[in-house]
Amino acid sequence: MNSGQSNRKKNRRDFLKILGGGGVVASSLLASGPIARASASTAFQKLQNVLPKAKKRLPALPVDPAKSIPGLSSLITPNTDFYRIDIASDIPAIDVSRWTLKIHGMVKKPITLTYADLLKRPLFELDDTMSCVSNPVGGIYIGNARWLGCRLDDLIKEAGPLANADQVFSTSQDGFSAGFPLSVLDGRDAMVAVGMNGQVLPVKNGYPARLVVPGLYGYVSATKWISDIEITRFDIKQGYWISNGWSRLGPIKMESRIDTPRHLQEVKIGPTHIAGVAWAPNVGIKAVQVQVDGGAWMPATLGPQLSGTTWRQWWVKWNATSGRHKITVRAINAKGEVQSAGIVDPLPNGAEGLHTIDVTA
Ligand SMILES: Nc1nc2c(c(=O)[nH]1)N[C@H]1C(S)=C(S)[C@@H](COP(=O)(O)O)O[C@H]1N2
Ligand SMILES: [Mo]
């Protein structure tokens, strides 16, 4: 695996290259096969009304602290604001009436599901924060949603993985693939998602179905426009980004971000909020602390905890005095580990470092 400096730069570029062109949909899609633009969008309209309710529903969302703290990320990221990262030059437009999901490979009994089959399974809701491994410290490639879907571990259990299989390898209709250890399905609420924040999964986020695996970065797990799940071995095949130098395993790292004030913002002298989000999906957030001008670390107030794998909003009140100020945030996880100050590049397994901003009052 070559991860020299030029390769690093190239990979960062590749990963982020779609960011400028998000939402662009060309008309050069295949005319036949399961991909057909017009009929898919019609079907999508119809489905807005018929997405079944979860058998197990989560409690209603708590009051969002962002309502009273301008500039703080909302507890749930609205679908229209949710980041988009993928290698698809054209977002696949899939005709659900012809779409299937195959579960096969090193299994006793391969399964093929239609979209209707999927919707008939017991659906549940999951609050989960999805993050991109290429998200820099302070970056925006992270979002929190209430997903609706069926259990992935149940599906795989029904197919019956062979004892020597060690990877869940999923493929999509844009040529993407992702693999994670079978052992990650340890009881956590991994799902084949069909809904997002009370709506049919948006096309840009993977309609008709995608994987959501709590605790893992998207590149190893969160296959959108999914068509195929192969139970296999890491020594036989590996996901799309692995040959580009990214790590085979992708647990999401602890991070924290200042949302408000913004870097280089001019704030009014007097009381204001410093606020943002923090996440440590594999352990949980215990505390967030804020430092101004190298002073003592101040404990932040934490917002609601929706699940073990969602971000937590945090805020402190700050009396801004005249002049220039440096503000830094750090998270502490449930094990008491303090977020590391050392800067680590996103490649190969996620950025590390403390988010620091400069403001003037
Ligand atoms: N089909 C497909 N699924 C994909 C990708 C992709 O390129 N193609 N990118 C993955 C990556 S790297 C991330 S971070 C998440 C992003 O999901 P979002 O676009 O819904 O935010 O999707 C994952 N699923
Ligand atoms: Mo990603």
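# Close-up views of the predicted model

**P299 touches V288 and V316, leaving aside residues up to four places away in sequence.** Touching, or contact, means heavy atoms within 4.5 Å. This is a predicted model: local features need pLDDT of at least 70 and side-chain atom pairs count only at pLDDT 80 or more, while totals for chains, interfaces and linings use all residues. Residues are numbered from 1 along each chain as its sequence is written, chains are lettered from A and ligands numbered from 1 in the order in which they are written, and side-chain values use heavy atoms, with hydrogens and water left out. P299 belongs to strand β14 (residues 298–299); helices (H or I, at least four residues) and strands (E, at least two) are DSSP runs numbered from the N terminus. With a relative accessibility of 67%, P299 counts as exposed (buried is under 20% relative accessible area, exposed over 50%, partly exposed in between; 1.4 Å probe, protein chains only). Ten residues separate P299 from Q289 along the chain, yet their C-alpha atoms are 4.6 Å apart. D293, in the loop between β13 (285–292) and β14, has a phi near 55 degrees, a positive value in a residue other than glycine. At 42% relative accessibility, D293 is partly exposed.

**The largest nonpolar core has 57 residues.** Such a core is a set of buried Ala, Val, Leu, Ile, Met, Phe, Trp, Tyr and Cys residues joined through side-chain atoms within 4.5 Å. The members that touch the most others are Y115, L152, F180, V192, I229 and I231. Helix α4 (residues 152–159) gives the largest share, four residues. Because domain 2 (65–244) and domain 3 (255–360) both contribute residues, this core lies between them; the domain bounds come from an automatic or database assignment. Beyond residues up to four places away in sequence, F180 touches L152, D166, Q167, V168, L185, L211, V213, L216, V220, S221 and F234. Another core, of 20 residues, lies apart from the largest one and includes A280, V290, A320 and I327. Over the chain of 361 residues, 55% are buried.

**Helix α4 has buried residues at L152, D153, L155, I156 and A159.** Viewed down the helix axis, these buried residues fall within an arc of 160 degrees, so they line one face of α4. The arc is taken from the directions from the axis to the C-beta atoms. G160 follows α4 and has a positive phi, near 80 degrees.

**Y115 pairs with two aromatic residues, W99 and Y207.** Rings of Phe, Tyr and Trp (its six-membered ring) pair if their centres lie within 6.5 Å; planes under 30 degrees apart count as stacked, over 60 as edge-to-face and the rest as tilted. A search of the whole structure gives eight such pairs. The ring centres of W99 and Y115 are 6.2 Å apart with the planes at 80 degrees, so this pair is edge-to-face. W99 is in the loop between α2 (37–47) and β1 (100–105) and Y115 is in helix α3 (residues 115–120), so the pair ties together parts 16 residues apart in sequence. W99 and Y115 are both buried. Y115 and Y207 are also edge-to-face, at 6.3 Å centre to centre and 70 degrees between the planes. That pair joins helix α3 to the loop between β8 (199–200) and β9 (210–212), over 92 residues of chain. Relative accessible area is 5% for Y115 and 1% for Y207. The peptide bond from Y207 to P208 is cis, with omega near 10 degrees.

**Arginine charges sit over the rings of F234 and W297.** The criterion is NZ of Lys or CZ of Arg within 6 Å of the ring centre and within 35 degrees of the ring normal. The charged end of R248 is 4.6 Å from the centre of the F234 ring. For R330 and the ring of W297, the distance is 4.0 Å. Elsewhere, ring pairs join F82, Y83, Y141 and W147 into a cluster.

**S227 lies in strand β10 (residues 226–232).** At 17% relative accessibility, S227 counts as buried. Its contacts, not counting residues up to four places away in sequence, are W99, T100, L101, K102, T171, S172 and Q173. W225 is in the loop between β9 and β10 and has a positive phi of about 50 degrees although it is not a glycine. W225 is buried, at 1% relative accessibility.
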